[in-house]
Amino acid sequence: FFFLMIRRPPRSTQSRSSAASDVYKRQVSTQSTWGVTQAMESRFGLLTLLFVVLFVADRATAQQAVLAGGNLDDGNAAVYKRFIEFSTKNGVANIGIISAASETPQKSAESYIPVLKQYGASSAEWIQIDLQHVRNNRDPKILARLGQMTGLYFTGGDQSRIIQSFMDKWDTTREDSPAMQLIRQRFNANQVAIMGTSAGTACQQAVFMITGGESYNALRYGPYDYLDKNYPDDLSYDPKGGIGLIPKDFGYLDTHYGVRGRQGRMFALAMSLKKKGGPLKGWGVDENTALIYDRGNVEVLGANGVFYMDFTEATIDDYFGEDISIFSIRTNYLTHGDKIVDGAFTPAPWKNRITEDNTTANTISSSDIFSSPNNLDRNGTRKNPQEFTRVSTLLLKGTDTRALGATYESGPSYKTDLVKDGRTVGYTGVDPTTSTTFVSYTNLLVNVRSDDRKETAIFETS
């Protein structure tokens with residue numbers, strides 16, 4: 001049964017612009033564009049799709065970062081070890097913990113100290129800059145300690161607190177505080193690596209940053225450039241962006257991605273900003289997983305995956321509401337061991353191209369494609385977490401070329417078509433270290449329409 005969305009009057013002001021996790025804000029850097037092409041090469045007798053991305057930005061503007069999607073398990077050795085590796089300079093890894101996003105900063109920071117030391121940190125300490133200690137962002141003693149750190153770990157919570165703690169005039173012109181200026185200089189010089197989880201990842205981007213919202217409301221009402229606590233499910237964003245350590249041209253960042261079905265809100269965000277010069281790509285990082293950013297190259301480590309959404313060819317009709325249609329979004333799902341190096345996608349060496357299984361069910365569908373918060377199990381959690389991931393990977397394994405999903409909410413319902421075409425390639429394999437099976441894919445076509453639109457229209461641009 002579909003949950004009936006109660007109609008409400010629209011908010012007084014709405015923007016047709018947006019960006020990426022659960023809470024708040026920064027300045028926009030110079031804009032750049034990506035071009036996306038493909039190449040094929042022979043590997044182990046199979047055709048392997050190479051996903052070629054032409055980076056126009058200067059890679060020196062950002063160095064090494066570990067961007068986790070939240071709920072990172074203390075036992076996730078692959079992710080933590082990579083951060084310690086990045087943070088080791090001259091044989092020493094001194095980690096500063098920035099827990100300004102937390103309601104209890106000191107307690108949060110202290111909980112990470114033994115974890116970081118377990119994975120090889122030489123030292124780990126709390127950087128005492130938060131809403132209770134904002135003036136510390138210019139304290140000479142604190143700045144001296146920051147200058148000794150070789151790694152900085154931004155914990156989760158509310159990214160607005162990070163902005164308010166590290167940015168001067170954060171609600172107007174938003175300028176770097178002395179602490180933020182030092183972090184930026186040292187990061188760009190590759191003197192310090194950064195790691196974030198949840199809000200600590202979302203705050204790193206330079207573009208418009210998502211501050212809240214669910215996929216259904218994003219498609220139904222579009223994005224707003226302010227957060228209204230009376231409408232927590234509406235897609236809201238900060239037009240000033242995050243702290244901007246990751247360059248704008250890298251794209252949007254979102255976290256807790258698959259488990260909370262945030263694909264729809266990324267679609268709405270990117271398409272609302274496309275005509276305003278917004279980025280043409282977005283990255284959605286799953287929980288207990290990290291996107292590894294190394295001087296512009298990408299690797300995925302962890303238990304789940306990272307969605308890369310390409311909006312270069314995408315178009316939108318009627319913007320948002322009952323008549324919306326979005327065509328030709330290209331989605332890619334990278335899992336443990338997959339890389340994009342110098343623009344070329346290669347799967348983990350233990351993955352092979354998927355051989356379609358003709359025993360897979362002929363009809364692949366979902367009535368809760370975006371893992372609705374209104375469809376809960378007896379424990380009060382989302383009944384269908386990772387539903388988009390489940391449907392898309394099932395499609396890659398079978399002979400069907402199309403899977404159909406729908407939102408749990410109605411009035412209207414939004415239909416999502418996932419389509420395999422000649423550009424779509426899937427990979428699977430068993431990680432020899434953990435004996436875990438992973439599936440990844442490139443160039444799956446996605447179209448979205450309200451149920452008031454004719455079904456045939458969904459394929460017009462595919």
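Helix α8 (263–274) is mostly covered, with 11 of its 12 residues buried, where buried means under 20% relative accessible area, exposed over 50% and partly exposed in between, for a 1.4 Å probe and protein chains only. This is a predicted model, in which local features need pLDDT of at least 70 and side-chain atom pairs count only at pLDDT 80 or more, while totals for chains, interfaces and linings use all residues. Residues are numbered from 1 along each chain as its sequence is written, and side-chain values use heavy atoms, with hydrogens and water left out.

Helices (H or I, at least four residues) and strands (E, at least two) are DSSP runs numbered from the N terminus. The buried residues of α8 include Gln263, Arg265, Phe267 and Ser272. At 1.5 Å times one less than its number of residues, α8 should span 16 Å, which agrees with its end C-alpha atoms being 16 Å apart.

The largest nonpolar core has 43 residues; such a core is a set of buried Ala, Val, Leu, Ile, Met, Phe, Trp, Tyr and Cys residues joined through side-chain atoms within 4.5 Å. Among the elements that each supply at least two residues of this core are α7, β19, α9 and β28, and the largest share, 7 residues, comes from α8.

Helix α9 (residues 387–397) is largely enclosed by the rest of the structure, because 8 of its 11 residues are buried. Phe388, one of these buried residues, is also among those with the most contacts inside the largest core. Leaving aside neighbours within four places in sequence, Phe388 is in contact (heavy atoms within 4.5 Å) with residues including Gln263, Phe267, Leu418 and Tyr441.
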